[in-house]
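This report covers strand pairing, nonpolar cores and disulfides in one protein model. The sequence and structure come first.

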Amino acid sequence: MRCDSSHPRSSDASGDRQYPRQSLGGLDSPMCPSQLALLQVLFLMVPEGGRPQPSSSPSEAVPTPSTVESRTQGGTPQSSEGPETHWTVPEISTVGPTVVTPSAPGNRTVDLFPVLPICVCDLTPGACDINCCCDRDCYLLHPRTVFSFCLPASVRSSSWVCVDNSLIFRSNSPFPSRVFMDSNGIRQFCVHVNDSKLNYFQKLQKVNATNFQALATEFGGRSFTSTFQNQSPAPFYRAGDPILTYFPKWSVISLLRQPAGVGAGGLCAESNPAGFLESKSTTCARFFKNLANSCTLDPALNAASYYNFTVLKVPRGMTDLQNMKFQVPVTLVSQSQPGSPLLAGNTCQNVVSQVIYEIETNGTLGIQKVSVSFGQTNLTVEPGTALQQHFITRFRAFPQSTAASLTRPRSGNPGYIVGKPLLALTSDIRHSMTLLQSQGDGTCSVKRHEVQFGVNAISGCKHRLRKMDCSHLQQEIYQTLHGRPRPELVAIFGNADPAQKGEWTRILSRNCSVSALHCTSCCVIPIALEIQVLWAYIGLQSNPQAHVSGARFLYQCQSIQDSQQVTEVSLTTVVTFVDITQKPEPPRGQPRMDWKLPFDFFLPFKVAFSRGVDSQKGSISPILLLCLFLLGVLNLETK
């Protein structure tokens, strides 16, 4: 009987193959899959009490690296990195080597800049990106003390190659190795892979009743059930924390509010707090039954209510409210003070339509400067008057150069990140591609939705037609559909530079065709725009980068008669992303068992069967033995 002496081996960067040896019955000799198969067949013929029983108890003690070293008989000493913690590896097959990527044992905060020279989550030049632990602009030696977690690819993870621990007698690998336990309680012998391209993706932790509390304590924040008074103030703000404000006139501590729209109508929710380091924009609507009374009495319409307070630099400032060094006043960007709402005849003047907060921060030293600017409008007093308000909060590092403050955030570095704006270029001006947005009454708004990369979306609104000739009407609706300015180029990558034309691709466009119409009194106008974006992943599979391959605008049109009294038309914009990634060939599957048995292997069974038939017609022992043997073979094939 012949067999090959190859066994699961460890991986190393040099490509050398180190084969472990197997031990059975005190013999240190290689074993082949055929011998292992015969042993399992023989176990089927042994009484149940004499058969070795595998342990499936997950509570059984797992061998630590020191116990594995004691079995190596002069082998390479095992790794001692990190504490000797028992790690689990979920869903590991014992048929052959399996690549798994659990979190690196002994994960510690280190200096990330030499390890990750390319920081893919650094999207804002000159400013600190939230939870991006490799961002140099954060100037944090230990990012985990400020961030609640680190974004994927901002820290380095580890990869392991694992096989069943029972197959390993001695490890000759020069790389660190550990013994893990999978979800079925089976020990797995794992070797650390020294391959940088496998150092990013890792499997999620499984949450159960045993580790739920430990994970909630390690990664969780404040609970809704905890009271605000019985906790001591934090020494500094963490990302996402509400910003504390103080009203000296009433000696009241509150939060910096950023109203947001809720429900189908987008009504303003006043209690929505602004989060520390979370730059975002919100839009909401207000409806007035009696604007004549609300004009001067509603604080949401008065600009003074948005800056008649101070902001606490750090949360611990609430313990000493008389100390002004912990408070920052809210200053106006413009020199002139905005006017208060005034009811003049049938018009409510100086109504706040937009609020923009600019907040400068300095790491753990907290908030250093807060400025505010306003947009105001006039409303006509009539039943059911509606107002759409916009609230913008921006954070930037303090101090910051003017050039860095003018740079717009990236949508990826280099590849696009799903959910980030799709970048467009018009006459060397970079902007985001947008979709239609409706107001509270359904008409088209000046504000528009940003097209988010990888997110299919549809939006619509009603456009009111004005008296004009056909060509001007077509031009107006085209501009309403694609926005102003009209996108000419789309960025291939999320960090495209407007000065580098090779980093942009032209948008294909197909307008409405009027050549097929024979109506002289008709006007063909566009009513829908479909934006189609083709994209794909490129680069290493361990760290793929999304890039845009092409984009085009497709318009749908309809004709209207000049004699028809059309006052409004419904417009629709749609964006679809199509993944055209060409994936490489799948890896080679697990090796199948090659049965090589002697030509006379079944001779004893044939002789026993023939004798049994001649001597004892009623005996079934040979048939039973043959059935047990075949059952063992089928059992091996199914595993």
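The model is predicted, and local features need pLDDT of at least 70, side-chain atom pairs count only at pLDDT 80 or more, and totals for chains, interfaces and linings use all residues. Residues are numbered from 1 along each chain as its sequence is written, and side-chain values use heavy atoms, with hydrogens and water left out.

Helices (H or I, at least four residues) and strands (E, at least two) are DSSP runs numbered from the N terminus. Buried means under 20% relative accessible area, exposed over 50%, and partly exposed in between, with a 1.4 Å probe and protein chains only. Strand β7 spans residues 187–192, and five of its six residues are buried.

Two strands pair if DSSP finds at least two bridges between them. Strand β5 (residues 160–164) runs antiparallel to β7 and is joined to it by five bridges; W160 has H192 in β7 as its bridge partner. Strand β6 (residues 177–182) is also antiparallel to β7, again with five bridges. Across that pairing, C190 in β7 stands opposite R178. β6 and β7 make a hairpin with four residues between them, and G185 in the turn has a positive phi of about 80 degrees.

**Nonpolar cores**

A nonpolar core is a set of buried Ala, Val, Leu, Ile, Met, Phe, Trp, Tyr and Cys residues joined through side-chain atoms within 4.5 Å. In soluble globular proteins, nonpolar side chains tend to be buried together. The largest core here has 40 residues, and Y416, L422, M433, F453, I531 and F577 have the most contacts inside it. At least two residues of this core come from each of β19 (423–426), α7 (470–482), β24 (489–491), β27 (522–538), β28 (545–561) and β29 (568–579). The most is given by β27, with seven residues.

Contact means heavy atoms within 4.5 Å. Leaving aside neighbours within four places in sequence, I531 is in contact with M433, T434, L435, R552, F553, V574, V575 and T576. A second, separate core has 36 residues, including V146, Y237, C268 and A303.

**Disulfides**

A disulfide is a pair of cysteine sulfur atoms within 2.5 Å. The whole structure holds nine disulfides. Three of them are described here, starting with their sulfur separations.

| Disulfide | Sulfur atoms apart |
|---|---|
| C128 and C138 | 2.0 Å |
| C162 and C190 | 1.9 Å |
| C470 and C523 | 2.1 Å |

The link of C128 and C138 is right-handed, with 90 degrees about the S-S bond. Both cysteines sit in the loop between α3 (112–115) and β5, 10 residues apart. C128 is partly exposed at a relative accessible area of 26%, whereas C138 is buried at 9%.

With 110 degrees about the S-S bond, the link of C162 and C190 is right-handed. C162 is buried at 0% relative accessibility, and C190 is buried at 0%.

The link of C470 and C523 is right-handed, with 90 degrees about the S-S bond. It connects helix α7, which holds C470, to strand β27, which holds C523, and the two cysteines are 53 residues apart. C470 is partly exposed, with a relative accessible area of 29%, while C523 counts as buried at 3%.
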